[in-house]
Amino acid sequence: MDKMELLQVAIKQYGLNPGSLIMEKELQPNSWQGDLHFKIRVDNRFYSARFIGNKRYETDVFINLSDEVLTTKRLCLL
């Protein structure tokens, strides 16, 4: 899947019209984190679209979020 197709699939999930998508600019290409970040326009409104890379850091300092993790963390804060 190329970058344009990825953006079209993503914005469709937010109820936006993929047919009106214009990729204005790729922001921070070749970033060390592996993120994909774009300035896009949909129906003449500007958005920032960022896709976070799976392996941003050499160590796993973050955990995957799940309903169970969020519920547990929320209960700990109460």
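Biologist: Why is Arg50 called partly exposed?

Modeller: Its relative accessibility is 39%. Buried means under 20% relative accessible area, exposed means over 50%, and partly exposed is in between (1.4 Å probe, protein chains only). The value of Arg50 falls in between, so Arg50 counts as partly exposed. A word on the source: this is a predicted model, in which local features need pLDDT of at least 70 and side-chain atom pairs count only at pLDDT 80 or more, while totals for chains, interfaces and linings use all residues. Residues are numbered from 1 along each chain as its sequence is written, and side-chain values use heavy atoms, leaving out hydrogens and water.

Biologist: What makes Arg50 and Asp35 a salt bridge?

Modeller: The term asks for a side-chain nitrogen of Lys or Arg within 4 Å of a carboxyl oxygen of Asp or Glu. Arg50 and Asp35 meet at 3.3 Å, N to O, so the pair qualifies. Arg50 is in strand β3 and Asp35 is in the loop between β1 and β2, so parts 15 residues apart in sequence are tied together.

Biologist: Is Asp35 buried or exposed, and why?

Modeller: Asp35 has a relative accessibility of 5%, so it counts as buried.

Biologist: How many salt bridges does the structure hold?

Modeller: Three. Another one joins Lys3 and Glu26, with the closest N and O atoms 3.0 Å apart. Lys3 belongs to helix α1 and Glu26 to strand β1, so this pair ties together parts 23 residues apart in sequence. Lys3, at 36% relative accessibility, counts as partly exposed, and Glu26 is partly exposed too, at 23%.

Biologist: What makes Arg41 and Glu24 a salt bridge as well?

Modeller: Their closest N and O atoms are 2.7 Å apart, so this pair also meets the definition. It links strand β2, which holds Arg41, with strand β1, which holds Glu24, 17 residues away. Arg41 has a relative accessible area of 22% and is partly exposed; Glu24 is partly exposed at 33%.

Biologist: How do you know which parts of the chain are helices and strands?

Modeller: They are DSSP runs, numbered from the N terminus: helices are H or I with at least four residues, strands are E with at least two. The chain has two helices and three strands, in the order α-β-β-β-α from the N terminus on.

Biologist: What makes β2 and β3 a pair?

Modeller: Two strands pair if DSSP finds at least two bridges between them. Strand β2 (residues 36-42) and β3 have seven, in the antiparallel sense, so they pair. In one of these bridges, Leu36 has Phe51 of β3 as its partner.

Biologist: What is the order of the strands in the sheet?

Modeller: The order is β1-β2-β3, in an open sheet of three strands with antiparallel pairing. Its edge strands are β1 (22-27) and β3 (45-51), and each of them pairs on one side only.
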